[in-house]
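Subject: Structure for you to look at

Hi there,

Here is the structure I promised to pass on.

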Amino acid sequence: MAMELTGKLVKVLPEQTGQGRNGTWTKQQFVIETIDQFPKQVCLMAWGEKAGDLAQFAPGDTMKCAISIESREYNDRWYTDVRAWRIESAEGADQQPASAPAPRRSEPRAAADRPLTTFEEEDNGLPF
């Protein structure tokens with residue numbers, strides 16, 4: 001299952017390196033804000049050479065990330081990683097999402113849509 005996130009780069013966190021049994025590793029976390037009706041900020045991480053791909057982006061740039069989500073357990077607690085395995089510039093993503101407001105109606109309102117009363121001074125046929 002391929003998942004993608006598109007959003008604006010908010011912040012790039014400091015690069016982290018370490019030594020493992022397979023050699024030196026590098027990871028870099030970054031935060032993007034989705035472009036939705038209700039935007040959300042998501043912290044992603046890039047490993048190895050993908051961490052170097054972040055250098056071409058500045059805060060405010062729109063990017064598209066292919067992600068994988070993985071959880072693991074340690075000492076009865078669960079930790080979730082959102083890994084970006086492809087990072088690229090989002091072309092045309094500055095536009096609003098497809099959930100735009102519905103267009104206004106141009107045809108006259110049907111009888112069922114009209115209010116039952118208008119609260120105006122008029123002769124409505126009532127004896128009082």
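Let me begin with the core. The largest nonpolar core has 14 residues, and Phe30, Ile32, Leu44, Met63, Cys65 and Ile87 are those with the most contacts inside it. By nonpolar core I mean a set of buried Ala, Val, Leu, Ile, Met, Phe, Trp, Tyr and Cys residues joined through side-chain atoms within 4.5 Å. Two or more residues of this core come from each of strands E1 (3–12), E3, E4 (41–47), E5 (62–74) and E6 (77–89). Helices (H or I, at least four residues) and strands (E, at least two) are DSSP runs, numbered from the N terminus.

Before I go on, the ground rules: this is a predicted model, in which local features need pLDDT of at least 70 and side-chain atom pairs count only at pLDDT 80 or more, while totals for chains, interfaces and linings use all residues. Residues are numbered from 1 along each chain as its sequence is written, and side-chain values use heavy atoms, with hydrogens and water left out.

Leaving aside neighbours within four places in sequence, Leu44 is in contact (heavy atoms within 4.5 Å) with Leu5, Gln28, Gln29, Phe30, Ile32, Cys65, Ile67, Val82 and Ala84.

Not counting residues up to four places away in sequence, Leu54 touches Gln28, Phe30, Ala46, Met63 and Ile87. Its C-alpha atom is separated by 8.0 Å from that of Val12, 42 residues apart along the chain.

Next, how the strands go together. Two strands pair if DSSP finds at least two bridges between them. E3 covers residues 23–34, and several pairings involve this strand:

- E1 and E3 run antiparallel and are joined by five bridges; Val12 stands opposite Phe30 in E3.
- E2 (residues 16–20) pairs with E3 in the antiparallel sense over five bridges, and the two form a hairpin with two residues between them. Thr17 has Thr26 as its bridge partner, and Gly18 stands opposite Trp25.
- E3 and E4 pair in the antiparallel sense over seven bridges, in a hairpin joined through six residues. Gln29 stands opposite Met45 in E4.

The structure holds one aromatic pair. Trp25 and Trp47 make up this pair, which is tilted, at 5.6 Å centre to centre and 50° between the planes. It links distant parts of the chain, with Trp25 in strand E3 and Trp47 in strand E4, 22 residues apart. For the cut-offs, rings of Phe, Tyr and Trp (its six-membered ring) pair if their centres lie within 6.5 Å; planes under 30 degrees apart count as stacked, over 60 as edge-to-face and the rest as tilted. Trp25 is partly exposed at 31% relative accessibility, and Trp47 is partly exposed at 30%.

Now to the charged residues. There are five salt bridges in the structure, each being a side-chain nitrogen of Lys or Arg within 4 Å of a carboxyl oxygen of Asp or Glu.

- Asp81 meets Arg72 at 2.9 Å, N to O. Asp81 is buried, with a relative accessible area of 12%, whereas Arg72 is partly exposed at 42%.
- Asp53 meets Lys50 at 3.9 Å, N to O. These two are three residues apart in helix H1 (residues 49–53), so about one helical turn separates them.
- Glu88 meets Arg86 at 3.8 Å, N to O. Both belong to a network of salt bridges that links Glu4, Lys64, Arg86 and Glu88.

Methods:
Buried means under 20% relative accessible area, exposed over 50%, partly exposed in between (1.4 Å probe, protein chains only).
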